[in-house]
Amino acid sequence: MDPTETELIAAVLKGDAASFEPLVERYSPRVFATARRYARRESEVEDIVQEVWLKAFQKLNTFRGDAPFEHWLMRLAVHTCYDFLRAHQRNRESTFSELTDPEEDWLNRFVTDPGSASEHADAARLLIQRVMEQLSPPARLIITLLEIEDRSVKEIAALTGWSVPLVKVRAFRARAEMRKLLAKIARDKYL
Amino acid sequence: MNMSELQNKLIAAARAHPPSDRVPYAFEKRILARLAARPALDVWVVWSRALWRGALGCLAVVLVLGAGSLFLPVNGGGANDLSQDFETTMLASVDQDSDSAW
């Protein structure tokens, strides 16, 4: 019979590091998907996920068991991704002048007929990725959690450790920041 | 260009393309190998760190008390008053006895 999560965690805390492997195997897909929202290069994604698991191992004694292990782990993952964004914020691109042809075509189609510019198009995915990379770390985190992953303000507060009012203020600022970036696209491309 | 509509459309694009949850081959083995390669905990290092923290705490208490003794007003007569009051009280019975004898 497979050991339960509680049994695996107890075994790791007693010194059996090998019991950590099933936890890594079980939750790595979720952690990788989260990391891929915040880093583009696969090497950076792997670094983030490794960091998450190393921290999880070191801090496992702080896991109280009053919430599922996955929630505790995802909180750690979000914190690690946020730290990554803050450490790399100087590397943000500063211009939209290097849009690819498909991205430009998609924008042109949106301008002439918004309905014809599909959100399923790859160009749209690349464009939103560009915009997200230019947002400040708190704005990018909030837009990702609130708008893209559709989490509630309360969930975001629990994941980030921010208070509910702070999440709301940051959400307001993040949306404004994103609109400002999009207005910059319009100015750069069409004026 | 309608910015709100563009914003909503791009957010919808991000939702329509969730990131992959693919895990590199043998990733969990690499994590376990990294954990095994970490240096073992040195008990003496932990102990010395705790002692240093204790020493710094004691130093802080000494400084606070020292500052208190320098800057707080000293009630110099207090200790003397107490010892004199005690002496007076103890000798009161002796004084009474000697008075009555006369």
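Mentor: The model is a predicted one. Helix 2 of chain A covers residues 20–35 and does not run straight: at Tyr27(A) the helix bends by about 50 degrees. A proline, Pro29(A), follows within four residues of that bend. Tyr27(A) is also among the buried residues of the helix, together with Phe20(A), Leu23(A), Val24(A), Ser28(A), Val31(A), Phe32(A), Thr34(A) and Ala35(A). In an α-helix there are 3.6 residues a turn, so residues three or four places apart point the same way. Within chain A, the buried residues of helix 2 pack against helix 1 (5–13), helix 3 (42–58) and helix 4 (69–87). These residues also pack against helix 2 (27–37) of chain B.

The domain assignment divides chain A into domain 1 (1–91) and domain 2 (94–191). The C-alpha centres of these two domains are 27 Å apart. Eight residues of domain 1 and seven residues of domain 2 take part in the contact between them. On the side of domain 1, these are four nonpolar, one polar and three charged residues.

Asp150(A), in the loop between helix 7 (137–148) and helix 8 (153–160) of chain A, has a positive phi near 60 degrees although it is not glycine. Asp150(A) counts as exposed because 10 other C-beta atoms lie within 10 Å. In chain B, Ala26(B) lies in the loop between helix 1 (3–16) and helix 2, and its phi is positive, about 60 degrees. Ala26(B) is likewise exposed, with 10 other C-beta atoms within 10 Å.

Notes: Residues numbered from 1 in each chain as written. Chains lettered and ligands numbered in written order. Predicted model: local features only at pLDDT ≥ 70, side-chain atom pairs only at ≥ 80, totals over all residues. Bend = angle between axes of the 7 residues up to and from the residue. Helix = DSSP H or I, 4+ residues; strand = E, 2+ residues; numbered from the N terminus. Buried ≥ 20, exposed ≤ 12 C-beta atoms within 10 Å, placed from the backbone. Contact = placed C-beta atoms within 7 Å. Domains from an automatic or database assignment. Nonpolar A, V, L, I, M, F, W, Y, C, P; charged D, E, K, R; others polar.
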